[in-house]
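Visitor: Please take me through one part of this model in close detail: its strands, and how they pair. Keep it brisk, and give the cut-offs as you go.

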Amino acid sequence: MTETDTSTATTTDGETTDVLVVGSGIAGCAAALSAAREGAEVLLLTKATKPDDASTDWAQGGISTTRGDPESLKQDIIDASDGTADPAVVDTLVNHADDAVEDVLIDTIGVDFDETAEGDLDYTREAAHSAFRILHVDAATGTHILRPFLNHIDDHDRIEVRQDTAALELITAEGRVHGVVSDEEPTGHPIYAGATVLATGGVGALYSRSTNPDDATGDGIAMAALAGADVTDMEYIQFHPTAYAGEDPFLLSEALRGEGAVLRNGDGERFMDDYHPQGDLAPRDVVARAVKAEREATGEVVLDVGPLEFESDYPAIAEKCRDRGIDGDEIPVAPSEHFLCGGIDVDDRGRTSLDRLYAVGECARTGVHGANRLASTSLLEGLVWGLRAGEDATGFDSEVVEAPELLNRDPDLPARFAAEKFTRLQQTMDEYLGLERGPDEITRASAVLRRLKGEVDAYIRTRTARDLYELRNASVVALLIARAAGENTESVGCHHVDDEPRASH
């Protein structure tokens with residue numbers, strides 16, 4: 001990607017822009033495009049240095065449409081959420097879904113979605129969907145959306161894309177957000193904006209097994225929470241049931257089961273019909289817990305892709321299997337952290353509880369997903385809310401106020417300090433705040449995480465290293481998850497409370 005200097009103005013105290021977007025997935029790109037369409041000058045910051053550093057690039061299955069029946073998609077979303085999705089908010093999603101997909105993905109950036117032999121769009125189906133309504137490209141849809149989207153906004157004369165740049169703190173004054181301090185200078189670089197849009201993705205790096213990129217450290221959620229923004233539903237962490245069970249896990253899209261692949265336990269038996277009437281296409285939280293139970297009871301669970309034309313229809317996934325020495329139709333699978341359904345609380349325009357701060361994508365809690373997300377709605381939500389937030393964020397003047405003073409005066413930490421603390425955090429999340437969690441485990445996690453955050457805070461006061469701030473953000477978000485899990489004693493969706501005590505390891 002190239003860089004331009006058309007969207008910012010330099011001051012003696014930093015620089016200014018009309019709209020600042022932090023994050024380069026589909027939600028951030030949509031917000032930047034929408035704001036630029038309204039005439040705003042936009043600066044987009046991203047930690048990424050290549051597209052596959054963004055969660056969107058990792059999305060496999062596809063992007064849901066309504067296929068002309070918004071009420072049917074709405075009902076599937078609510079059902080998958082265990083009845084907790086906000087119906088009014090779901091209306092916003094389904095009523096804008098098809099126009100957003102057609103306008104941006106098809107007409108503007110020209111995504112070549114798969115077609116049938118007759119030349120029509122090829123719709124597939126995934127778990128908990130009642131109809132074939134999902135557009136896809138092979139099983140690598142995110143890649144085929146994000147890369148042309150990034151190219152399009154990078155060429156836009158009102159958008160500057162600045163890579164390998166992290167936002168460290170929000171600049172706030174009297175309940176209003178005025179921009180961010182980035183890591184472009186040793187003691188921080190202030191960037192002032194009329195409005196700021198956080199699109200920083202999820203929290204997958206908090207767990208040792210995740211389908212997210214390694215830099216999904218919850219940055220936007222932590223910054224917003226520390227600035228006083230409302231954060232909601234953090235206990236709702238979705239685990240995908242079918243990630244490769246070995247080292248270097250990767251996602252095995254639900255589209256495989258939607259087209260006929262089946263789950264089998266270590267005894268070779270299909271088991272999902274014993275857990276849910278929808279069998280292999282039950283909601284994700286149900287399938288994930290069933291896979292975990294069958295792995296514990298029979299030693300392993302595999303995804304049998306024998307009923308599919310696997311090599312020809314899913315070449316990208318097939319290649320990943322070959323790279324890991326998987327030969328044959330049975331792929332070992334295990335649950336893996338996948339998606340945060342909660343986050344920064346926002347309204348139907350992505351507005352947070354802080355003035356001129358917006359949040360979109362996985363870092364935002366819109367109310368669409370409730371306690372469990374329906375497959376192939378994350379890209380759609382990011383697109384729809386990104387467009388709406390970007391449009392709403394225009395028309396404000398930037399104002400230079402006092403920015404947080406970041407210090408960088410102490411010697412560097414030992415090379416492995418942040419990595420070792422991060423490993424401890426992941427171990428705590430895996431053991432106590434995973435797919436199932438009990439009251440005693442939540443209490444233990446909270447105690448460990450409080451100590452960890454205290455250690456990090458002691459160092460971060462005088463150092464601005466990115467990995468240290470990522471660790472700070474991860475520890476803040478981990479504590480938010482533990483707190484929310486402890487306050488919600490009811491098992492619902494992907495928050496499963498296990499009252500049976502388990503031995504601590």
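Guide: Start with an open sheet of four strands, ordered β11-β14-β13-β12, with antiparallel pairing. Its edge strands are β11 (237–244) and β12 (262–265), and each of these pairs on one side only. On average, neighbouring strands here are turned by 45° against each other, with direction ignored.

Some ground rules. This is a predicted model: local features need pLDDT of at least 70, side-chain atom pairs count only at pLDDT 80 or more, and totals for chains, interfaces and linings use all residues. Residues are numbered from 1 along each chain as its sequence is written, and side-chain values use heavy atoms, with hydrogens and water left out. Strands (E, at least two residues) and helices (H or I, at least four) are DSSP runs, numbered from the N terminus. Two strands pair if DSSP finds at least two bridges between them. Axes are lines fitted to C-alpha atoms, for helices over the stretch in contact; angles run from 0 to 180 degrees between N-to-C directions. Contact means heavy atoms within 4.5 Å.

Four bridges link β12 to strand β13 (residues 301–304), in the antiparallel sense. There, Val-262 stands opposite Asp-304 of β13.

Next, a sheet of three strands. It is open, runs in the order β10-β15-β17, and its pairing is mixed. The edges are β10 (231–232) and β17 (364–365), each pairing on one side only. β10 and strand β15 (residues 343–345) run antiparallel and are joined by two bridges. Thr-232 stands opposite Gly-343 in β15. Helix α5 (residues 219–227) lies across β10 and β15, at about 45° to β15.

Now strand β2 (residues 14–22). Eight of its nine residues are buried, so β2 is largely enclosed by the rest of the structure. Buried means under 20% relative accessible area; exposed is over 50%, and partly exposed lies in between (1.4 Å probe, protein chains only).

β2 has parallel partners. Seven bridges join β2 to strand β9 (residues 189–198). Leu-20 has Thr-196 as its bridge partner in β9. Another four bridges join β2 to strand β3 (residues 42–45), also in parallel. Here Val-19 is partnered by Val-42 of β3.

A helix belongs to this picture too. β2, helix α1 (residues 26–37) and β3 form a right-handed β-α-β unit. Right-handed means that, with the strands pointing away from the viewer, the path from the first strand over the helix to the second runs clockwise.
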